[in-house]
Amino acid sequence: MPPVSADWELEVTRGPGWLFVSVKPISTHEPFENLADVIWELVQQHLVSRVTVELDHVPLLDSHLLGQLLLLNLRIKKHNGLLRICGLSPFNQRILSLHGLDGHLAAYPTRRDAVMGNECRKPR
């Protein structure tokens, strides 16, 4: 998939009943503008209600990206869907926890864990 913005691109994969969206920053200095809107459009295009956002390539889970993920989670939940995130580095997992959001955004180590609903990763 071509870059969605000048600063990041998405790699989209479809699985049985799931949409997998890998977020890949091109520039580490610009915020993820309208990420929630772009992923929500993909959800509607693919007619799915379960989404995993893969953040393996995101070096820093900043407040803007957290806000976009929370907005996306709210939209998906309003339509009886499910959002899970995976691939957070240990540092980004701590950021999620420090913001008190690990109870609001289900974070898993891998895509497989997210789909299977295995126990969420807890910070140490």
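A nonpolar core is a set of buried Ala, Val, Leu, Ile, Met, Phe, Trp, Tyr and Cys residues joined through side-chain atoms within 4.5 Å. In this predicted model, the largest such core holds 32 residues.

**The nonpolar core**
- Leu-10, Ile-39, Val-53, Leu-55, Leu-61, Ile-85 and Leu-96 have the most contacts inside the core.
- At least two core residues come from each of these elements: strands S1 (8–15), S2 (18–25), S3 (50–54) and S4 (82–86), and helices H1 (35–46), H2 (63–78) and H3 (90–98).
- Helix H1 provides the largest share, with 7 residues.
- In soluble globular proteins, nonpolar side chains tend to be buried together.

**Leu-61 and Asn-92**
- Beyond its neighbours within four places in sequence, Leu-61 touches Leu-55, Leu-66, Leu-69, Leu-88, Asn-92, Ile-95 and Leu-96.
- Asn-92 belongs to helix H3 and has a relative accessible area of 0%, so this residue counts as buried.
- A polar atom of the Asn-92 side chain lies 2.8 Å from the backbone nitrogen of Leu-61.
- With neighbours within four places in sequence set aside, the contacts of Asn-92 are Val-58, Pro-59, Leu-60 and Leu-61.

**The aromatic pair**
- The structure has 1 aromatic pair, formed by Trp-18 and Phe-20.
- Their rings are stacked, 6.3 Å centre to centre with 10 degrees between the planes.
- Trp-18 is buried at 4% relative accessible area, and Phe-20 is buried at 7%.

Key
Residues numbered from 1 in each chain as written. Predicted model: local features only at pLDDT ≥ 70, side-chain atom pairs only at ≥ 80, totals over all residues. Heavy atoms only, no water. Buried < 20%, exposed > 50% of the residue type's maximum accessible area, 1.4 Å probe, protein only. Helix = DSSP H or I, 4+ residues; strand = E, 2+ residues; numbered from the N terminus. Contact = heavy atoms within 4.5 Å. Phe/Tyr/Trp six-rings, centres within 6.5 Å; stacked < 30°, edge-to-face > 60°. Polar contact = N/O pair within 3.5 Å; in protein donor to acceptor, adjacent residues only side chain to side chain.
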